[in-house]
Each structure stands twice: as C-alpha cells, then as structure tokens.
Amino acid sequence: GEMRRDEVCHTSRASLMSKAFEAQFQRSGPASPRPERESAPVDAASALKRFTEGGEKADTMSGKEMYAIVDMLKREHGAEAAALEASLLKVKRQLDKKIMLLDWVGEHVSPAAAVEKPRRASLADCTNTAPPAAEAAAPLATAADAIKRQQASRSSATQEAAPAAAKPPAEDGRIARMAALFVEGKDALSMTGGEMFEVIGWLKRLGHAEVEDSLIRVRLQGDKKTQLVSYLKRNWATLPTAAAEPAAEAGALPGQLIAAMREACRAAFLRCGTRLLEPVYRCEVQCDQEILGRMYAVLRKRRGEILAEDLREGTDLFLISASLPVVESFGFANDLRKNTSGAAHPQLVFSHYEALPQDPLFVVATEEEQEALDDGDLPTINLARKLMDGVRRRKGLRVEDKVVASATKQRTMSRKR
C-alpha cells in the first residue's frame, strides 16, 4: 500500500512539472513580428532648393536628405554623380560630406536645374484650376534672378579685388618679409596664429584664395601651419617679390639682433674667465666641549668653515656657527649624529652664494702651467669641474671624461693564482 501511494505521488508531481514546462514553452514561443516603422519620404528637390537658395547651412541637413539628394543626382547626371558618391564614401566626417555635396551642386548644377521639375497632371489634379506649369514658373523666375544677382556680385568683387592686388597695403611688405623667413627654413610650428592669418590674407589679396579653402578642412593647427609653409615654398617663385625688397632699407630683423647679442654675451663670458657660484648654508650647532673635536672633523671633511665659537655663560655648552656648501649638506645631520653619539644637532639656513676660485673650463695649455701643476702651485683636482660634471651627469648631458686614465696600468679581469 505504501509503494502504491508513492507511485501515485510521483506520477502527480511529474504531470504538474510537464504542465509547467508546456506553459513556459508557450510563453517563450516565437513572438509576433513587430510592425516596421514607416519613415516619411524625403523630397530631394525641395531639400536641395532649401540649401542652395534658402540659405540654410550644411550642418542642418539630415542624413536622409543627403542620401536622397545623391540618389536624385545619380538619376539626373549619371556617371558624374556616381563619381561624387564614390568620393563621398572616402570622407569620414558627416559634415564634410554635406559640404562637399553642396560644393559639387554649386559647380555642376545650376540653381534653375535644382528646382523641382513640374510633374504631369493626373486625374486627381483635374479639380485644380491652375495648371502645374504656371506654378513652376515663379520658382524658375526667382532662380534666374538669383543667378543674375550672383554673377553681378562676383563681377563687382573681381573689379574691387583687382586694384587691391595692384596696389597692396603698407603692411604687405612686412608680411612678405615674415613669409620669406619661413620659406628660407624657419620652423613652421613657431608661427603664431596671428602670423598665419596675416599670411593667408596677404595671399588672398594676391589672388591665391584657394589656400584658405584648403586650410579650412584641416583640423590641427600645426598641420595648417605646415601646409601653409609648403604652399609658400611651392609658389614663392610666382609671388611678387617687390614687397620683400624694402627689407634691406629697414635694417636687421629683430631675430638677427637677438641671435647676435646672444653670441656676443656668450663670447664675453668665456673670455673673462668662467666661475661657478655655489649656494652656501649657515650651520649652527650646540654641543659640549667633549665632542668639539669630532664635530670639527665632520665639518672639515665637507668643506665647512668655522665662523664663530661662543661659550654660553653658566654652562659648558658651545654655540658653533659655520658655513657649509649646499652640495655637501646631504647626509650631514646623520653623519654628525653618528660621530657625536647623538649629542650634536645642526640647524641649516640658506646664507649666500660663493664663487669657486677654480675655472671649470681650465685646461693645461703651456709649459709654465704644467710646471705649476707638478710643483703643487695649482690644485690637482679641479673642484669646479667636478661639480659641473656631476650636474651634467644628473641632467643626462654629455661629459668630457677620460675612459682610460693611465694606459700603462691596465689590469686584466682574470687573476693569476
């Protein structure tokens, strides 16, 4: 009886689980397809008219309008529009594609042709009283007037630009001399933004307006300067050089004066004898009489000089004042405590700069100097040169150091046992 009851319970549980799986399977079945969104069709002709005649900017053009205009141009112009589409695919930025598209339309399509063509009247349009041709006549007349106004403005601008190019302003001479420096080899990246725009304006007055159009599409400022200098080098022979002739009358340029003054100052400093100024600390130490000798030994080892030694009244403590070079002060406190068993504690305060007596660039050049060096009249170790070489090594600069000090005293790596 118990086994029969267990079988019934197991069967009921299995049926419940199968029903739950079926319900879950029905819920997770393939869903009904979602209805696709119907996008409104784009009128390419009216969109093109809005950007060519309406004065709207290219950045307001949507992607659908751009592709619709390209499709319309492919149907009307064939291979030329197909080449335009291929060139648009190579451009990365969307805004550059729109600008290129509008430039192509302005060069290859007249405003009258860009206007929407009148369509044939259908049965649904028979109720209209005005024929379609009459409706399209007004836009055609407006487009024709726009073409005439544009041609008139271009001719007037050309007439105004001609005397300006024939008679350049007084600033053109200075700009031409500045441009000549970059053509001769000056670094293009040293050009400031104001100088770049001055050169562009000068080229535009001379009839080279295409340089501004090519630089507009360049994003980085350094690339603009490099392309501008390369354009100047390519077309320098065709530019009028009369503006650059007054450079001889104006005298030396500021850059030449600065370079000459720098070289003159350097030669004067090297001729009068070079000296190094090293910073010096004022050191004050308070200690008793028993450790004075050990403290003096630490100071002498680090090129310190005793300035004053005072005994405090009523005590056996001495207050020592000394000068210590900053370069020798690293580790001085630990060394002093170690030698005095922690009984002396220094206090360091910046005091002044002191000139070293040796010349860091001194080289033995005469026999008298060599004899003085051998006799001991000259120091064997040039301290100024040693300090200068240490600074140059820390900064990663080149140091003139002897790799082999004495060629006759070389030692092999192996030892004879």
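Let's start at one residue: Ala81 counts as buried, at 1% relative accessibility. This is a predicted model, and Ala81 sits in helix 4 of it. The chain around that residue has 17 helices and four strands. Of its 417 residues, 23% are buried.

**Around Ala81**

- Setting aside the neighbours within four places in sequence, Ala81 makes contact with Leu73, Lys74 and Trp104.
- Trp104 is 23 residues away from Ala81 along the chain, yet their C-alpha atoms are separated by 9.1 Å.
- Two of those partners turn up again in the largest nonpolar core, where Leu73 and Trp104 are among the residues with the most contacts.

**The nonpolar cores**

- The largest nonpolar core has 21 residues, and those with the most contacts inside it also include Met61, Ile69, Leu84, Leu101 and Val105.
- Four helices each supply at least two residues of this core: helix 2 (44–52), helix 3 (63–77), helix 4 (79–89) and helix 5 (94–108).
- Which helix gives the largest share of this core? That would be helix 3, with six residues.
- There is another core apart from this one, made of 20 residues, including Val199, Ile200, Leu203 and Leu239.
- Back in the largest core, Met61 is one of the residues with the most contacts. Leaving out neighbours within four places in sequence, Met61 touches Phe51, Met66, Ile69, Lys98, Leu101 and Leu102.

**Helix 11**

- Helix 11 runs over residues 221–235, so to speak a stretch of 15 residues, and reaches 21 Å from its first C-alpha to its last, close to the 21 Å expected at 1.5 Å a residue.
- Its buried residues are Lys224, Lys225, Leu228, Val229, Tyr231, Leu232 and Asn235.
- Why do these count as being on the same side of helix 11? Because they cover an arc of only 155° around the axis.
- As for what covers the buried residues of helix 11, the list includes helix 8 (171–184), helix 9 (193–205) and helix 10 (210–216).

**Helix 14 and what follows it**

- The buried residues in helix 14 are Leu292, Met295, Tyr296, Val298 and Leu299. Seen down the axis, they fall within an arc of 160°, so they line one face of the helix.
- The face turned away from that buried side carries the exposed residues Arg300 and Lys301.
- Strand 1 (277–288), strand 2, strand 3 (317–325) and helix 15 are what the buried residues of helix 14 pack against.
- Just after helix 14 comes Arg303, with a positive phi of about 60°. Arg303 is partly exposed, with a relative accessible area of 27%.

**Another positive phi**

- Ser341 has a phi near 60°, again a positive value in a residue other than glycine.
- You'll find Ser341 in the loop between helix 15 (332–340) and strand 4 (346–355).
- Is Ser341 buried or exposed? It is exposed, with a relative accessible area of 66%.

**Cysteines**

- How many disulfides does the model have? The count comes to zero.
- For background, a disulfide is a covalent bond between the sulfur atoms of two cysteines.
- Cys265 is partly exposed, at 32% relative accessibility, whereas Cys287 is buried, with a relative accessible area of 1%.

**Towards the end of the numbering given here**

- Glu400 lies in the segment after helix 17 (383–394), and at 58% relative accessibility it counts as exposed.
- Glu400 and Asp389 are 11 residues apart along the chain, with 8.2 Å between their C-alpha atoms.

**The chain as a whole**

- Among contacts in the chain with a separation of 6 or more, 67% are between residues 24 or more positions apart.
- The accessible surface of the chain comes to about 30,500 Å², and 55% of that belongs to carbon and sulfur atoms.

Conventions: Residues are numbered from 1 along each chain as its sequence is written. This is a predicted model: local features need pLDDT of at least 70, side-chain atom pairs count only at pLDDT 80 or more; totals for chains, interfaces and linings use all residues. Side-chain values use heavy atoms; hydrogens and water are left out. A disulfide is a pair of cysteine sulfur atoms within 2.5 Å. Buried means under 20% relative accessible area, exposed over 50%, partly exposed in between (1.4 Å probe, protein chains only). The expected span of a helix is 1.5 Å times one less than its number of residues. The arc is that of the directions from the helix axis to the C-beta atoms. Contact means heavy atoms within 4.5 Å. Accessible areas come from the Shrake-Rupley method with a 1.4 Å probe; for residues, only the protein chains shown count as cover. A nonpolar core is a set of buried Ala, Val, Leu, Ile, Met, Phe, Trp, Tyr and Cys residues joined through side-chain atoms within 4.5 Å.
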